[in-house]
Each structure stands twice: as structure tokens, then as C-alpha cells.
Amino acid sequence: MASKLSSRLEEIVDLLPLKEGLRVLEIGCGSGAAARAVAKRVPGGKVLGMH
């Protein structure tokens, strides 16, 4: 499990219109690094990653 997000994925996550309470589905999440980063940015929300 990767502990640090790559700069490419970090740029992508930064561009997402994330807000509190949002529900997110990531299809093809691989190791889940981006899904974990998104989860940190949607307090009270839910993130589901499908490999």
C-alpha cells in the first residue's frame, strides 16, 4: 500500500470538485491511493473504490 500520493494523482485529486458529505465512486482504483486522498477531503462523506 503506497503511503504517499504521486504528484500526478495529487494534481488530479486537487482538480476534483470535492466537498463535505460527498459520496464518491472510483472505478478502477488500483491500490486505492487516490481514493484515500479523496476520502481525506470529504469529511462526513463516503468513498467506495472498485478494483
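**View 1. A nonpolar patch lies on the surface.** L25, I27, L48 and M50 make up this patch, and together they have about 430 Å² of accessible area. Such areas come from the Shrake-Rupley method with a 1.4 Å probe, and for residues only the protein chains shown count as cover. Patches consist of residues with over 30% relative accessible area and no salt bridge; nonpolar side chains (Val, Leu, Ile, Met, Phe, Trp, Tyr) are joined within 5 Å, like charges within 9 Å. Strands β1 and β2 each supply at least two residues of the nonpolar patch. L25 is found in β1. With 49% relative accessibility, L25 is partly exposed. Buried means under 20% relative accessible area, exposed means over 50%, and partly exposed lies in between (1.4 Å probe, protein chains only).

The model is predicted: local features need pLDDT of at least 70, side-chain atom pairs count only at pLDDT 80 or more, and totals for chains, interfaces and linings use all residues. Residues are numbered from 1 along each chain as its sequence is written, and side-chain values use heavy atoms, with hydrogens and water left out.

**View 2. Two strands pair in the parallel sense.** β1 covers residues 23-27, β2 covers residues 46-50, and five bridges join them. Two strands pair if DSSP finds at least two bridges between them. Strands (E, at least two residues) and helices (H or I, at least four) are DSSP runs, numbered from the N terminus. R23 stands opposite K46 in β2. L25 stands opposite L48, also in β2. From β1, the chain passes through helix α2 (residues 33-40) to β2 in a right-handed β-α-β crossover. Right-handed means that, with the strands pointing away from the viewer, the path from the first strand over the helix to the second runs clockwise.

**View 3. Helix α2 has buried residues.** They are A33, A34, A35, A37 and V38. What do the buried residues of α2 pack against? Their partners are α1 (7-15), β1 and β2. Contact here means heavy atoms within 4.5 Å.

**View 4. One salt bridge is present in the structure.** The side chains of D14 and R41 meet at 2.7 Å, N to O. D14 sits in helix α1 and R41 in the loop between α2 and β2, so the pair, 27 residues apart, links distant parts of the chain. A salt bridge needs a side-chain nitrogen of Lys or Arg within 4 Å of a carboxyl oxygen of Asp or Glu. D14 is partly exposed, at 46% relative accessible area. R41 is partly exposed too, at 33% relative accessibility.
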